[in-house]
Amino acid sequence: MKSEKDLSDYRKVYQKSELLETNIPDNPIQLFQTWFYEVEKSGGVDEANAMTISTIGLDGFPKNRVVLLKKYTEEGFIFYTNYNSEKGKAIAANPNLCASFFWPNIERQVIIKGKAEKIAPNLSDGYFESRPRGSQLGAIVSNQSEVLSSREELELKLKDLEEYYENKEIQRPDYWGGYIIKPVSIEFWQGRPNRLHDRIRFILQNEYDWKIERLNP
């Protein structure tokens with residue numbers, strides 16, 4: 001049987017909101033905060049902080065994966081991972097990356113280009129300590145992105161770790177921690193009728209000033 005399906009008839013009318021220069025702040029982080037609050041309030045997304053991260057791998061290919069945004073500030077967007085993972089190695093070789101959010105229930109997406117940097121170890125320590133014990137053990141037991149012979153191998157390693165750390169405090173491993181994406185551009189996309197979507201892009205001019213421009217849909 002042929003594995004194919006024509007999706008050309010998939011259609012959606014975008015008409016829930018608009019994005020105009022007259023109702024946006026000068027700082028994109030403030031607009032992101034507003035949009036994030038609105039998507040949370042809408043209740044139509046399971047994980048509003050799900051963020052697609054795109055890196056250029058050591059093999060020369062781009063790769064996307066979803067991680068969870070854990071904090072955002074005026075400086076940038078923070079997520080946590082294994083530094084020895086495929087994405088960690090890619091970032092070490094090329095810190096330029098793209099992050100994006102898609103919130104279909106309110107017909108919006110945000111696209112962030114920036115450079116990723118490791119956050120201070122004490123900040124990673126603080127977040128690691130706040131995680132559930134199972135998640136702490138998971139960060140230690142997984143050689144993220146490495147080939148695994150079977151599920152059973154992973155579960156046996158976890159069982160051994162649970163016994164080892166019984167009644168012991170779990171310390172953050174030095175190969176696990178946070179990155180901050182420091183943006184150089186942030187694009188906000190609002191779906192509009194007839195595919196004439198609103199696209200507003202903020203480009204960083206210096207440490208504090210952002211240039212605002214409208215893009216063709």
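User: How do the residues lining the largest pocket divide by type?
Analyst: In this predicted model, the lining of the largest pocket divides into 7 nonpolar, 5 polar and 3 charged residues. Here Asp, Glu, Lys and Arg count as charged, Ala, Val, Leu, Ile, Met, Phe, Trp, Tyr, Cys and Pro as nonpolar, and the others, Gly among them, as polar. A pocket is an open set of points on a 1 Å grid over the protein atoms alone where a 1.4 Å probe fits, with protein on both sides within 12 Å along at least five of seven lines, and lining residues have an atom within 4 Å of a point.

User: Which residues lie nearest its centre?
Analyst: Of the 15 residues that line the largest pocket, Tyr-80, Thr-81, Arg-131, Gln-144 and Trp-176 lie nearest its centre. Strand S2 (62-68), strand S4 (77-82) and helix H4 (133-141) each supply at least two residues of the lining, and about 360 Å³ of space lies in this pocket, a volume being the space filled by probe spheres set on the points.

User: And the second largest pocket, what lines that one?
Analyst: Asn-27, Ile-29, Glu-74, Glu-75, Lys-182, Pro-183, Leu-204, Glu-207, Tyr-208 and Trp-210 line the second largest pocket, where about 250 Å³ of space lies. By type, the lining residues of the second largest pocket divide into 5 nonpolar, 1 polar and 4 charged.

User: How many bridges join S7 to S8?
Analyst: Strand S7 is joined to S8 (residues 198-204) by 6 bridges, and the two run antiparallel, with Phe-202 of S8 as the bridge partner of Ile-186.

User: What about S8 and S9?
Analyst: S8 and S9 (residues 210-215) also run antiparallel and are joined by 6 bridges, Arg-199 stands opposite Leu-215 in S9, and a hairpin joins S8 to S9 through 5 residues.

User: Which numbering and confidence limits apply?
Analyst: Residues are numbered from 1 along each chain as its sequence is written, and side-chain values use heavy atoms, leaving out hydrogens and water. Because this is a predicted model, local features need pLDDT of at least 70 and side-chain atom pairs count only at pLDDT 80 or more, whereas totals for chains, interfaces and linings use all residues.

Key
Helices (H or I, at least four residues) and strands (E, at least two) are DSSP runs, numbered from the N terminus. Two strands pair if DSSP finds at least two bridges between them.
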